[in-house]
Amino acid sequence: MELVTNKVIDEKGLKMEENFEERIIETIQKSKSRLSEENRAKLNELELFKNKVPYQILNGWTDLVYELGKNIEELCKLANCELPQIEHIKSKYASLRFDYYFNSSVPKIVEKLIDSLIYEAEDKSERICEYCGADGELREVKSGSWKLVSCDKCAKEKDLKCLKN
């Protein structure tokens, strides 16, 4: 194998990440530009998130994600099981994405209830401005390169166009 700028090329010529931990740290650093320190601190109040999650969301979804995290913590406490590990919290296709896993076996009903909480939050996110948290609707950047949810005020400030069905 030959070392090439933080990548390793295996015998088949495929590039592989040399250090997974460095990638996680880099992702967390990049995410700091999206969420204010105040909102990051609010989310880190919950044990579920405490300095363990790269937040790839904008400030407008902070309350939604906080509520989701609090509900998951309460459910796990009632079920007397460990908290799940959060892989990431991000915006994708103008909707919240929240992926998790457990390190050990938990009752299936706990996973189903957590999934239900996540689906509810994902659904709500499609109507909440990603910038400020007000009621919003689906919009896209004028270039059409990506879609997001925003209110009228933020859409005007960011020069976004509305996508009405």
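Mentor: We shall take the overall layout, then the core, a helix pair, the salt bridges and one serine. Please keep in mind that this is a predicted model.

Trainee: Let us begin with the layout. How many helices and strands does the chain have?

Mentor: The chain contains five helices and nine strands. Read from the N terminus, the order of elements is β-β-β-α-α-β-α-β-β-α-β-β-α-β. Of its 165 residues, 35% count as buried. Sequence separation can be read as well: among contacts between residues at least 6 apart in sequence, 43% join residues at least 24 apart.

Trainee: How should I read a nonpolar core, and which residues of the largest one touch the most other members?

Mentor: The general idea is that in soluble globular proteins, nonpolar side chains tend to be buried together. In this model the largest nonpolar core has 28 residues, and those touching the most other members are Phe49, Ile89, Leu96, Phe98 and Ile114. At least two residues of this core come from each of α3 (62-78), β5 (85-92), β6 (95-101) and α4 (108-125). Helix α3 gives the largest share, six residues.

Trainee: Now the charged residues. How many salt bridges does the structure hold?

Mentor: The general idea is that side chains of opposite charge can pair when their charged atoms come close. The structure holds 10 salt bridges. One of them links Arg40 with Glu37, where the closest N and O atoms are 3.9 Å apart. Both residues belong to helix α2 (residues 37-44), and because they are three residues apart there, about one helical turn separates them.

Trainee: Are Arg40 and Glu37 buried or exposed?

Mentor: Arg40 is buried, at 7% relative accessible area, whereas Glu37 is exposed, at 53%. Another pair, Asp123 and Arg127, forms a salt bridge at 3.4 Å, N to O. Here Asp123 is partly exposed, with a value of 40%, and Arg127 is partly exposed at 43%. In a further pair, Glu140 and Lys147 have their closest N and O atoms 3.4 Å apart. Glu140 is buried at 10%, while Lys147 is partly exposed at 41%. Salt bridges with shared partners also join Glu67, Glu120 and Lys124 into one network.

Trainee: Finally, a polar residue. Where does Ser150 lie, and with which side chain does the side chain of Ser150 make a polar contact?

Mentor: Ser150 lies in strand β8 (residues 147-150). Its relative accessible area is 0%, so Ser150 counts as buried. The side chains of Ser150 and Arg139 are joined by a polar contact of 2.9 Å. Leaving aside neighbours within four places in sequence, the residues in contact with Ser150 include Cys129, Tyr131, Gly136, Glu137, Ala155 and Leu160.

Conventions
Residues numbered from 1 in each chain as written. Predicted model: local features only at pLDDT ≥ 70, side-chain atom pairs only at ≥ 80, totals over all residues. Heavy atoms only, no water. Helix = DSSP H or I, 4+ residues; strand = E, 2+ residues; numbered from the N terminus. Buried < 20%, exposed > 50% of the residue type's maximum accessible area, 1.4 Å probe, protein only. Polar contact = N/O pair within 3.5 Å; in protein donor to acceptor, adjacent residues only side chain to side chain. Contact = heavy atoms within 4.5 Å. Salt bridge = Lys/Arg side-chain N within 4 Å of Asp/Glu carboxyl O. Core = buried A, V, L, I, M, F, W, Y, C linked by side-chain atoms within 4.5 Å.
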